[in-house]
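Visitor: I have not seen this structure before. Please take me through it by question and answer.

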Amino acid sequence: MHEQDIPSVAQIEQNSFPTPWSTNSFFSEIHKSRSIAKVAVLDGTVIGYICAEHVLDEGHILNLAVHPDYRRMRIAECLVKNIVEALKLKKCRFLYLEVRASNLTAQRLYKGLSFKFIGVRKNYYLAPEEDAAIMMRDI
Ligand SMILES: CC(C)(COP(=O)(O)OP(=O)(O)OC[C@H]1O[C@@H](n2cnc3c(N)ncnc32)[C@H](O)[C@@H]1OP(=O)(O)O)[C@@H](O)C(=O)NCCC(=O)NCCS
């Protein structure tokens, strides 16, 4: 993800989440030394993105979305597999994420990619307030 991708990324973000990240959040994310942010591009158009961070041997997926017109085409699966490879190069051994308890679509995606449920963060999300399921897989 480069600065010029951010307007398209922010548009997908707006269409994907009740409390979307701001444009500034993406700008600051791509300049952090421990961050890896990638976009999926089709014919020059950004159609999805993933943001992760790494600390020691742990990676953490912070954000993932695919443009509504391009869902169910394995774009998210491709983005997660790609970030796993990138985190492997950073010597990460474990990968974590949080997902809204009601987001069964994303949970199904992650289960299909070998993530397991390991716990719950109570009232982790706001607007609407909701628990997060914590998921993890080995890298
Ligand atoms: C969740 C999301 C990223 C999935 O993106 P995607 O590119 O459509 O997902 P994929 O095509 O790679 O799907 C891979 C698998 O995930 C599961 N899956 C994805 N979308 C699904 C849906 N709408 N219903 C049921 N299962 C679904 C399926 O198992 C699917 O495999 P299959 O198509 O062979 O059945 C996308 O729906 C999205 O952007 N949602 C809004 C943002 C969001 O919830 N992000 C995750 C935050 S934790």
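Visitor: Which residues come nearest to the ligand?
Guide: This is a predicted model, in which local features need pLDDT of at least 70 and side-chain atom pairs count only at pLDDT 80 or more, while totals for chains, interfaces and linings use all residues. Residues are numbered from 1 along each chain as its sequence is written. There are 18 residues around the ligand, where near means that the C-beta atom, placed from the backbone, lies within 6 Å. Those that come nearest are Ala 65, Arg 71, Ala 76, Glu 77 and Leu 109.

Visitor: Which element gives the most residues to the shell around the ligand?
Guide: Helices (H or I, at least four residues) and strands (E, at least two) are DSSP runs, numbered from the N terminus. Strand E3 (58-66), helix H3 (75-89) and helix H4 (104-112) are the elements that give two or more residues to this shell. With five residues, the element that gives the most is H4.

Visitor: Which residue in E6 stands opposite Glu 98?
Guide: Strand E4 (residues 94-100) and strand E6 (residues 130-138) run antiparallel and are joined by seven bridges. Tyr 96 stands opposite Met 136 in E6. Opposite Glu 98 stands Ile 134.

Visitor: Which residue takes a positive phi in the hairpin of E5 and E6?
Guide: Strand E5 (residues 116-125) pairs with E6 in the antiparallel sense over six bridges. Tyr 125 stands opposite Glu 130 in E6. The hairpin has four residues between the strands, and the one with a positive phi, near 45°, is Ala 127.

Visitor: Why do the buried residues of H1 line one face of the helix?
Guide: In helix H1 (residues 6-14), Ile 6, Val 9 and Ile 12 are buried, with 20 or more other C-beta atoms within 10 Å of their own, C-beta atoms being placed from the backbone. On the other side, Pro 7 and Gln 14 are exposed, a word used for 12 or fewer such atoms, with partly exposed in between. The buried residues line one face because, seen down the axis of H1, the directions from the helix axis to their C-beta atoms fall within an arc of 120°.

Technical notes
Two strands pair if DSSP finds at least two bridges between them.
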